[in-house]
Amino acid sequence: MVLKRAHVGMCFDRTFPASLVVDLARRLDAGADQLWVIEDCFYTAGASLAASALAVSERLTVGIGILPAVARTAAVTAMEIATLCALAPGRVLPGIGHGVQSWMGQMGVRPESPLTALEEVMDAVRRLLDGERVTVHGTYVTLDDVQLHHPPADVPPLLAGVRGPKSMALAGRVAGGVVLAEPASPTYVRWALDQAGRPDQFHTAVFSVLCVERERRAAYTIMAPWLASLLDNPTVGITTLPFYQELIERYRQHGNEGLASMPAEWWTEIAPIGTMDDAIEHVSALEAAGVDSIGLFPAPDVEIAMSQVEDVLEIAAR
């Protein structure tokens with residue numbers, strides 16, 4: 001059996017100034033496969049960032065992680081995705097998700113049933129991208145004889161940015177794949193695909209926090225506070241780790257120092273953190289778990305993040 005190679009790229013942190021996406025896209029276009037732009041309320045907008053990155057690159061695929069389902073109408077979401085596909089055919093990976101519900105509440109669009117809202121939006125957007133003329137009167141989506149004038153010739157997989165088991169099952173029914181937020185360990189990937197029912201032609205994209213240093217302990221010390229913040233509010237990406245109970249006990253007893261000194265194989269399971277060899281091992285494990293796309297999350301500091309572009313290019317060229 002030949003192991004499929006994942007496409008490796010970099011994430012554009014939500015706090016970065018929008019203008020930086022142009023320089024980052026140009027640098028990544030030299031050897032990386034992808035750039036993932038992050039749309040979080042109330043930072044920068046995913047479609048605008050994606051268009052800018054696509055305009056200055058020739059081979060880079062740009063992923064959007066993620067467009068909140070109810071922040072736009074389904075028709076506008078389909079129009080934006082179709083426009084990006086026309087600008088750069090075959091180089092767009094759009095993601096749609098629930099969005100953070102408190103943010104949806106701030107905008108006055110919080111749905112009573114996020115699952116129903118996402119399913120209706122995903123279904124309507126997919127049908128519009130496929131060129132259908134759509135009429136639907138749902139709980140959250142209303143379309144009356146709507147058809148895109150320019151549907152994409154090469155329709156990308158519509159990815160669902162979701163976490164929990166019910167949402168993963170929904171993604172398996174209506175989406176062309178998933179976007180799994182960090183930390184996306186190989187164990188979490190396998191769990192997520194099981195929940196989705198492992199459908200055929202299902203594109204799995206993950207985000208992984210990157211920290212490569214010459215010495216493992218230096219990387220572990222840098223990233224221990226990040227891991228601690230995840231353990232303080234654990235999501236399924238953490239609780240599915242095979243050593244979760246041991247990890248949480250270690251953290252409770254020894255704090256950040258206990259995390260910095262935990263076994264190297266634990267760090268390598270969680271993220272590409274450690275040496276370059278450790279980072280490549282993590283990426284290989286994600287590939288073995290069935291991952292198609294890997295967005296490496298840099299440090300939030302712009303200067304450090306731009307220095308990490310070389311790490312991303314090295315991993316992509318491994």
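Me: Which residue forms a salt bridge with D194, and how far apart are the closest N and O atoms?

Reply: A salt bridge is counted when a side-chain nitrogen of Lys or Arg lies within 4 Å of a carboxyl oxygen of Asp or Glu. Here D194 pairs with R198, with 2.8 Å between the closest N and O atoms. This is a predicted model, in which local features need pLDDT of at least 70 and side-chain atom pairs count only at pLDDT 80 or more, while totals for chains, interfaces and linings use all residues. Residues are numbered from 1 along each chain as its sequence is written, and side-chain values use heavy atoms, with hydrogens and water left out.

Me: Are D194 and R198 buried, exposed or partly exposed?

Reply: Buried means under 20% relative accessible area, exposed means over 50%, and partly exposed lies in between (1.4 Å probe, protein chains only). D194 counts as partly exposed because its relative accessibility is 48%, and R198 is likewise partly exposed, at 42%.

Me: Where in the chain do R72 and E39 lie?

Reply: Helices (H or I, at least four residues) and strands (E, at least two) are DSSP runs, numbered from the N terminus. R72 and E39 form a salt bridge with their closest N and O atoms 2.8 Å apart; R72 sits in the loop between β3 (61–68) and α3 (74–87), and E39 in the loop between β2 (34–38) and α2 (46–55), so that the pair links distant parts of the chain, 33 residues apart. Both R72 and E39 are buried.

Me: How many salt bridges does a search of the whole structure find?

Reply: The search finds 15 salt bridges, and R5, D33 and R59 are linked in a network of them.
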